[in-house]
Amino acid sequence: MKALVLLLLAVGGSSHPVMSQTLAEQAQAVIEQRCLSCHSEQVAMSGLRMLTREQILQGGGRGPAVKPGDPANSLLFKVLSHSEKLAMPPTGKLPFEEIEILRAWIEKGANWPQGKKQAANTQWWAFSKPQRPEVPQISGVKNPVDAFVSQGLKAIGLEPVAEADKLTLLRRACFDLHGLPPSPEQSKAFLNDATPEAWERLIDSLLASPRYGEKWARHWLDLVRYGDTSGFEQDPYTLEAWRYRDYVIKSFNDDKPTTVLSRSKSQATSCGRMMRRRVLERAITE
Ligand code: HEC
């Protein structure tokens with residue numbers, strides 16, 4: 001049981017600050033959990049970074065975020081109340097206890113925890129365990145992905161643009177999925193199709209075409225530095241290379257999971273030449 005509780009504490013994303021922490025540690029924990037996703041190195045909204053005390057004192061475009069000893073005149077505290085136009089975090093007001101921690105922390109001089117120069121920035125998305133979030137309730141959206149996009153736009157005060165006209169949509173879909181403009185036949189078929197399923201039908205037909213694998217395999221092949229020759233000054237042909245190219249194209253067209261594709265790629269890279277050929281041959285027939 002104890003182990004379970006410890007485990008839950010370790011993975012709990014929004015656990016409340018532990019009472020044995022000093023005020024400075026509690027304030028830093030709130031900032032880490034609630035603010036760093038938009039105010040650190042990678043993302044610094046309005047120029048504000050909150051990884052160190054100096055950065056917070058310096059503030060963003062509007063000037064110092066904190067006036068030590070004076071919460072009422074500290075921008076950081078004012079935005080937490082959600083009573084003014086600038087309200088943080090934009091997605092909703094913090095629980096009262098957390099606001100109170102930050103208020104008391106500023107009042108006591110906004111000191112940083114002893115021996116800790118920088119907040120951990122553990123909010124970085126790649127370190128977070130994926131969790132299925134609740135779909136925001138937003139009227140007028142056609143699918144759950146749009147609901148998340150709308151919520152994100154709203155949080156930073158942006159309005160979605162109107163839906164593009166049919167011809168623009170068709171061109172975007174063709175360039176995205178095939179890297180080519182639509183053919184006259186494709187344009188005619190799509191523009192004359194007034195049924196509600198027209199868009200879905202178009203996407204299905206683009207995905208079913210071999211052109212799809214040819215376009216998307218290119219990105220993969222670029223990343224693994226595929227070439228038909230060895231390149232540079234001595235430029236012999238690598239005679240078997242096309243097999244790998246075709247294998248990647250086929251993998252995309254067959255919808256092979258990326259994990260399987262990555263595995264055969266790393267096996268092939270780490271083997272000797274003869275072995276590499278065998279691995280590739282095996283992968284091709286998989
Ligand atoms: C989802 C992203 C997001 C989160 C999380 C977030 N902010 Fe912000 N913050 C913004 C954006 C966007 C702006 C710029 C808004 C504007 O200029 O209208 C901003 C601006 C600010 C500013 C004004 C900076 C300046 O000088 O212009 C302060 C202060 C601030 N945020 C404090 C906080 C605090 C404190 C937290 C955590 C409790 C927090 N923010 C969490 C997105 C976020």
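At what angle do H7 and helix H9 (residues 198-208) pack? Select both helices: the angle is about 20 degrees, and the axes lie 10 Å apart. Axes here are lines fitted to C-alpha atoms, for helices over the stretch in contact, and angles run from 0 to 180 degrees between N-to-C directions. Helices (H or I, at least four residues) are DSSP runs, numbered from the N terminus.

The angle makes H7 roughly parallel to H9 (under 35 degrees is roughly parallel, over 145 roughly antiparallel, 65 to 115 roughly perpendicular and the rest oblique).

The model is predicted: local features need pLDDT of at least 70, side-chain atom pairs count only at pLDDT 80 or more, and totals for chains, interfaces and linings use all residues. Residues are numbered from 1 along each chain as its sequence is written.

**H7 and H9**

Display Leu170, Ala173, Cys174, Leu177 and His178 of H7 with Leu202, Ile203, Leu206 and Leu207 of H9, which make the contact (C-beta atoms, placed from the backbone, within 7 Å). By class, this contact has eight nonpolar, one polar and no charged residues. Ala, Val, Leu, Ile, Met, Phe, Trp, Tyr, Cys and Pro count as nonpolar, Asp, Glu, Lys and Arg as charged, and the others, Gly among them, as polar.

**H7 and H8**

Next, select H7 (residues 166-178) and H8 (residues 184-192), whose axes come within 10 Å and cross at roughly 135 degrees. That angle makes H7 oblique to H8. Lys166, Leu167 and Leu170 of H7 meet Ser187, Phe190 and Leu191 of H8. The classes in this contact are four nonpolar, one polar and one charged.

**The ligand**

Move to the ligand, which 24 residues surround; the closest are Cys35, Cys38, Met45, Gly60 and Arg62. A residue belongs here if its C-beta atom, placed from the backbone, lies within 6 Å. Helix H4 (residues 75-80) supplies the largest share of the shell, three residues. The shell divides into 15 nonpolar, seven polar and two charged residues.

**Backbone details**

Select Ser46 in the loop between helix H2 (23-34) and helix H3 (53-58). Ser46 is not a glycine, yet its phi is positive, about 55 degrees. Continue to Pro89, in the loop between H4 and helix H5 (96-107). The peptide bond from Met88 to Pro89 is cis, with omega near -15 degrees.

Finish at helix H6 (residues 144-155), followed by Gly157, whose phi is positive, near 75 degrees.

Conventions:
Helices (H or I, at least four residues) and strands (E, at least two) are DSSP runs, numbered from the N terminus. Two residues are in contact if their C-beta atoms, placed from the backbone, lie within 7 Å.
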